[in-house]
Amino acid sequence: MTNVKVIHQKYMQRALELAALGRFSSMPNPMVGCVIVADGTIVGEGWHAKAGEPHAEVHALRAAGAAARGATAYVTLEPCSHHGRTPPCVDALLAAGIGHVVIAMEDPNPLVSGQGIARLRDQGVAVTVGILADAARRLNQGFVARMERQRPWLQVKMAASIDGKTALVNGESQWITSPQARQDVHRWRAQSGAILSSAATVLADGARLTARHPHAQQQPLRVIIDSKGLLTADLPLFKETSPILLVQAEETPVVAFPEHVERLILPLTESGNIDLPALFQALAEKQVNRVWTECGAQLAGALLQANLVDELVIYLAPKLIGAAGLSLVALPEYTAMAQIPELTFTDVRQVGDDLRIIAEPRMTLGDQLL
């Protein structure tokens, strides 16, 4: 590896660390970090905190001041070249006299991808692209998923005993996992644009589906599938005033809910269930990047069978419930081992007394995994 590449990676790694500071607040915008280096010294740093506020490049340029002229800017995502809520970052870099821009990855938005890079080069600025690109994509996997495939990144959370049971036969499940694991769940919720669940789960758990974590800066959209009209306005779920998207069918009985509840009507499949791909397309249109799902075995199984799941986040408690307990996920009865869905473990660690496993389904031929 050349010395120049090592230097580029060093400063891009710092830019990625800065970008990650926006994981609880930048939604629906991507997380972006910027580092400005002059003569081997960092003279400015910045990160994007919130939609509508200045982008990472602007913060870094303000910190660098006159030292930005002729310097190198390291940016985790291609600088924008279009007017949105804020002016184009390319204009700010050009006005500051930046001499070289090192970019981790191009903007995945097909409407603007490459335009910022082209404009910089047209104005005589040296541009290097692809430094720590994989890490940049992982950081913004939700935004990338929404831009490239028009649906959010989907995580399905499950909690079970070590023998794979989610509740006793009578439905009692609180609490299988430790307080530390439950706090970890709230951290995931706080980083998500939406929390998806079903009416059955809400009723069984008395769920509110809010992010109760010290770092939570905005509440995710609560998305509840209720095609049979099981929910009533007096539930704890509706007493929280953060937005709710109630997913129903034309045939679902209409009930008066509080004004923070929006009703989304979607078609039913031949089996009588909500069209899940249509739901995720609708969530992408609402600029949701990441969906965190807390549901029962039926919905978890349906999401897996529809190839919509990007990650499973499974908390295994050191407890044994036995064969009569409720199962983790509902899948068809397989008759050959070759039919069984396979997973790839991407992270395994202990959280409190529990084991947390993050796993990605291995996509079938023709599918693409980010």
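Biologist: Where does Gln-287 lie?

Modeller: Gln-287 is in the loop between H10 and E12, where helices (H or I, at least four residues) and strands (E, at least two) are DSSP runs, numbered from the N terminus. Please keep in mind that this is a predicted model, in which local features need pLDDT of at least 70 and side-chain atom pairs count only at pLDDT 80 or more, while totals for chains, interfaces and linings use all residues. Residues are numbered from 1 along each chain as its sequence is written, and side-chain values use heavy atoms, with hydrogens and water left out.

Biologist: And what is the phi of Gln-287?

Modeller: Its phi is positive, about 65°, although Gln-287 is not a glycine.

Biologist: Is Gln-287 buried, exposed or partly exposed?

Modeller: Gln-287 counts as partly exposed because its relative accessibility is 43%, given that buried means under 20% relative accessible area, exposed over 50%, and partly exposed in between, with a 1.4 Å probe and protein chains only.

Biologist: What about Asn-307, and where is that one found?

Modeller: Asn-307 is found in the loop between H11 and strand E13 (311-317), and its phi is near 55°, a positive value in a residue other than glycine. With a relative accessible area of 34%, Asn-307 is partly exposed.

Biologist: Which residues of helix H11 are buried, then?

Modeller: In H11, which covers residues 297-305, the buried ones are Leu-299, Ala-300, Gly-301 and Leu-303. As background, an α-helix has 3.6 residues a turn, so residues three or four places apart point the same way.

Biologist: What do the buried residues of H11 pack against?

Modeller: They pack against strands E6 (153-161), E8 (194-198), E9 (221-225) and E12 (290-294), and also against helix H10 (276-285); contact here means heavy atoms within 4.5 Å.

Biologist: Staying with E9 for a moment, why does Arg-222 count as buried?

Modeller: Arg-222, which is found in strand E9, counts as buried because its relative accessibility is 0%. Not counting residues up to four places away in sequence, Arg-222 touches a list of residues that includes Arg-208, Glu-240, Pro-243 and His-260. The C-alpha atoms of Arg-222 and Val-247 are separated by 10 Å, with the two residues 25 apart along the chain.

Biologist: New topic: which residue does UniProt list for "active site"?

Modeller: The unreviewed UniProt entry lists Glu-57; UniProt positions are given in the numbering used here, feature names are shortened, and annotations may be inferred rather than shown by experiment. In the model, Glu-57 is found in helix H2, residues 56-64, and at 3% relative accessibility Glu-57 counts as buried. Leaving aside neighbours within four places in sequence, Glu-57 is in contact with Cys-34, Val-75, Leu-77, Pro-79, Cys-89 and Leu-93.

Biologist: Which peptide bond is cis?

Modeller: The bond from Met-27 to Pro-28 is cis, with omega near 5°, and Pro-28 is found in the loop between helix H1 (3-19) and strand E1 (33-38).

Biologist: Zooming out, how many helices and strands does the chain have?

Modeller: The chain comes to 11 helices and 16 strands. Its radius of gyration is 23 Å, close to the 21 Å that the globule rule gives for 370 residues, so the chain is as compact as a globular protein of that length; the radius is taken over C-alpha atoms, and the rule is 2.2 Å times the number of residues to the power 0.38. Of the 370 residues, 49% count as buried.
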